[in-house]
Structure formats: C-alpha cells, structure tokens
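Please look through the model below with these numbered remarks beside it.

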Amino acid sequence: MTETTKTPVPDAVPTPTPALRGLIPLPAAAARALLLAGGIATAASAFLAWTWTAEFPGDLTYYGYPGGLQWLTFTAGVLTALFALASYGVRGLGWLLPARNTAPLVLTALGGFTVTWFTVIAISANLGGVVNLEPGGWVAAIASLLPLLGAFALPQERTGTHGIKEALKAYIAKPDRIPTAQALAPWIQRAVITVATIIGLGVFTYGIDTEYGELFIGYLFVVTFAMWAVHTAGLMDRFSALVAANRSFTLAMGFAAAIAFPFTQTDDHYANIGVNILIFGTVALGLNIVVGLAGLLDLGYVAFLGVGAYTAALVSGSEFSTISGVHLPFWASALAGAAASLVFGVLIGAPTLRLRGDYLAIVTLGFGEIFRIAVNNMDGDSGPDVTNGPNGIPSIPDLNLFGFNLGQAHDIGGFTLGRFANYYLLMVLIMAIVVLVYTRAADSRIGRSWIAIREDETAATAMGINGFRVKLVAFALGAALAGLAGTVSAHVTYSVVPTPYQFAGSTPPNSAFLLAAVVLGGMGTVAGPLLGAALLYLLPEKLVFLQDKSLLAFGIALILLMRFRPEGIIANRRRQLEFHETGQLDVPKQTTLTDEPAVTKAGA
C-alpha cells in the first residue's frame, strides 16, 4: 500500500492593501495645498462684509472686523489651517496629529463649511433672499468649500478606534517623533491640563453668553466638529492619559474653573443659567448612581428632587408654609431635604426593587406621577393641607450663611456677584460634596457590587452579593443627592409648584431630561452627566427661536449621537468596549485575542 504524501499547505499571504484614494481625483500634494490655502482663505473671509444691513444679528457689515458668526468661521478656518500644517510635518505642530490620519482634516474643513454656509443661508432666509449678501458673503461660501474639496481628495483611510490605537502604538514606539504623555515632565503635564481647563472655560462661557439662536447653532457646529477632530486625531487619548496620571490636580482645576465662571460674567442672567445647570447636573449625577452604576432604570427620579424642594420650602420660613413658625438654618433644611428624599427612596425601593427591567421602570414611572398628583391635591380640599396644592409654596426667603445674604449683590475683588452668582458658588460647593460621595461610593466595595449587579445580577447573586440590599442602597443614595439639590432649587426659584415634577416636558428638569442627560453625557462617569445636563439645559434655553420645533431638533440631535456615539460623549471605558464590539460601528472585525486580524489558511 503506497502512502500518499500530502503537500503542506502554506499560510496564505495577506492580500496587500490597495492604494488608498480620495473621494475626489486630485493628487495628494495638490489636495493638501488646497486644504491649507482654503483654511487660510476661510479665516480671511471673516474680515469681509457679508451683508449690507445690520438687521441680521451680529452686524456682519464691516470690513476688517469680524462680528457674530464670522468669528466662528474665522476659528474654524484657523483650526483647518493648523491641522493642514501639522499634516505637512511642520516643526512644533506634530503633536496635533499623533494618529497621522486624515479624519481631523476632513472634520475641521467640514466644520468651517457648515458654519459658513449656515450663516449665508440664515442671512438669505431672514432678510428675504440672496440679494442681501455682499460679495464678501459669496467669497466666504466659496472659500469654505475649498478646504472641504481638498480634504476629500486626500487618501481616505479608516479612522475608527482601532486605527487610532494602531497609529498611536506606532508613534509611541518612536519617541523621537512625538513624545508620549508619560514622557513629559510632571510640571509640563500639569501645564497642559491647566491650558486645557482655561480653553474649556472659555468655550463654555462663550456658549452661555451667545445672545441669539443663530450664534448658538453656529457655536454648536464649530465645537462639535472641532471636538470630533480632536478625538479622531488621537489627542483625547493622550489627554485622558494625562488626566489619569494627575487625577487630583485635574479635579482641582475643574473646580477652580467652575468657581471662576461667575467672575467672567457681567450679566447675572447667565449666572442663573449656570446655577440651574449645576442643580440639574447634581440630580443627574445622583441618577447616574441608580442607572449608570447599578443599572436600574428609574423613570420617576425627578420626584426625589421635588421631595427635597418641598421639604426645604416647608421648613425655611415661608409665610405660605403650612408649618408655621419653623425657620431652620440652611444646613438643617438641606439635611432635612436629603433625609426626606432618602426615606422616600427606601419606602419606594423596598417593595419594588425585587422587580427587574421594564417592570421596575413602570413602577418608578408610576411613583413619579403619584408624587406630582399627590402634591397637587394636598390643598386642604382634595386632601390634607400640606403643599397648598397647585399654588405651591411661594415667598421662600433667600439664604443667609454666616451673615452672608445670598439674595444681595456683593463686591469681591472688584467683581460684583449678583444673587444668582452667590447661589452658583453655593452649588459649586454642594457639587464638590456630591462628586466626592459619588467617587468614593463608586470606588468602594458597594460600588463594585453595583457594577456586578448591573452586568449580571444572577451571576453576582451566585457569588454572594445581596442584590436587593445593594440596589436599595443605590436607590436611597441617589434619592438623597437629588433631595440635597432640591433644597437649593427651592431657594433659587423662590417658590415650589407641582408642575415641573413630571416625566416629560419641553424644559428641564423632568425625568426624561434627567435620564437623557446621563445617557448623553456617559453613564458611569462623573463628568458625563454634568456635560449632558449642561447641554440639555442650554439647548432649550438657546433654541427658543425654534419654538415648537425645538424638541424636534433636540430629538434629531439625540438620534445622531446615539448612532455615532452610543456610549455617550464622555465614555466609561467598560461601556465603550461594550458598544464597540466585533462588527459594530467603526471597529474592524477581530477574530483573535490580539489587535491583529486572524490570518486564514489557504484551502480552509
């Protein structure tokens, strides 16, 4: 019997990657030059007059001095030119493109094009036709199109998370090219964090100070595309490494920026927006314990904010309070509001937290509606006289802390702080306490139990975790933090009425907006819910001119974000991996345990 000799099948050689091409047939050198020239031309076009009349907000009628939306076009053009220069390898700008990809070039060019064309279209729509455009407007429209054409003519490679990581690995292995974050001296790392904090404060302040809706929309365009470009360039990964190595310093700088905000304002109205964002953010951070850490879907969470607000209103000396003669100091009323919310959290959670998923969501939604209906009927006619029914409890006095009346303006170092600025600084202090409680709880044994319950309650219970007790602690702690924020909210608004404490509405706070703030910002993180709360409070405030279409615009924005960033703006690392598993979004398919794709066998 003759033995058949089998020829070994060699491993297949991976197919060479075809040459990358741009979407527009243009030589790479010409495309890069067009991108740089277009970025410079876009920035320069902001110094031309775009319309002949000052009726359009921002007064875009001057030559040599940009106004309103022109400043945003100028900023986008400068960013495009800087990234283009970095792609040329200009000395001192290599740090802008650690991933060495073309996505940041496309995104910055797209940001300049979007804000410029939005302005041109808005001028034509508001003033009655393109005849209202000056030649400078046409020049700006054409100039903003040039870098976009150049960017799309560049070779287009994949720019997903995997590509960025691979590029970063390659450049980390060559420290002579671009130094890694860990290679920087400690004082340089802190200097970078300080500069980033100052830039962040400036960007946030500009967004709050926008005086009309068109300017705010243009601001959103520029900031969105700029942050997207920074992320795809790999800069966010490097900055995250700096933050991880300097957590305490970063946290201190964050609170320093928050304290500095009211000193940058000349109008107390913007401080009012700031204090409401902090109140909204504090409640969202409490909800993040319930939803982000413990994985419990609570659709009636705003009721705990109402419990704290009503408790503070009853014991803070209002002449309309049904508990006459009681006027507790703020620390006592704050503790009373937090304690009352905690008790309600335990009372609601004890009989319901054995439920899971949709059933728990329905029960919590019912609790929120029951609270609103109950306080609306406690007027002495339909029920006991406790909350004055739909009239609520008005005339809540301002706080007086250590002889410092928060209702009066005060001069500090040449700066005048109005009433809302005073309450803003108080909320910064409360926010610091809430962040401390949240981080300590999340890093503790109970916090790890929350995460285990969220990931797989059955497995966690099998490992000895008392799921009911752990969830009840999360429910009670989240309720207490919401109640604490409610005590300040009652004094800021001077009155408490049942209307805001509902599941959904056109303006925050309500349970739907709170849940959206947590999901939008990033579940399981500290900064995520705060950023989500800021966005969701600012959008209805700034998009008033859209009237009944504001919710439509908000919904479209949420859909787009959930499509391209389902883990939230500031992603928790664990959730980012969950949402970007094999075959999802921009992460290429992996079939091995390493980052390299598996090599198939010929004939397999």
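1. Ala533 is buried, with a relative accessible area of 0%, where buried stands for under 20% relative accessible area, exposed for over 50% and partly exposed for what lies in between, taken with a 1.4 Å probe and protein chains only. This residue is found in helix 19, which covers residues 527–542; helices here are DSSP runs (H or I, at least four residues), numbered from the N terminus.

2. As to basis, this is a predicted model, in which local features need pLDDT of at least 70 and side-chain atom pairs count only at pLDDT 80 or more, while totals for chains, interfaces and linings use all residues. Residues are numbered from 1 along each chain as its sequence is written, and side-chain values use heavy atoms, with hydrogens and water left out.

3. Leaving aside neighbours within four places in sequence, Ala533 is in contact (heavy atoms within 4.5 Å) with Ile277, Phe280, Gly281 and Ala517. The C-alpha atom of Ala533 is also separated by 7.7 Å from that of Val518, although these two residues are 15 residues apart along the chain.

4. Helix 19 also packs with helix 6, their axes coming within 10 Å and crossing at roughly 30°; axes are lines fitted to C-alpha atoms, for helices over the stretch in contact, and angles run from 0 to 180 degrees between N-to-C directions. The two helices are therefore roughly parallel, a term for angles under 35 degrees, with over 145 being roughly antiparallel, 65 to 115 roughly perpendicular and the rest oblique.

5. In this pairing, Phe204, Gly207, Ile208 and Asp209 of helix 6 meet Ala534, Leu538 and Lys542 of helix 19. By class, the contact of helix 6 with helix 19 has 4 nonpolar, 1 polar and 2 charged residues, with Ala, Val, Leu, Ile, Met, Phe, Trp, Tyr, Cys and Pro counted as nonpolar, Asp, Glu, Lys and Arg as charged, and the others, Gly among them, as polar.

6. Helix 6 (residues 186–209) packs against helix 8 (residues 235–245) as well, at an angle of about 115° and with axes 10 Å apart, and these two helices are therefore roughly perpendicular to each other. The contact is made by Gln189, Val192, Ile193 and Ala196 of helix 6 with Phe239, Leu242 and Ala245 of helix 8, and these residues divide into 6 nonpolar, 1 polar and no charged.

7. Finally, helix 11 is mostly covered, with 14 of its 14 residues buried, and is followed by Gly317, whose phi is positive, near 90°.
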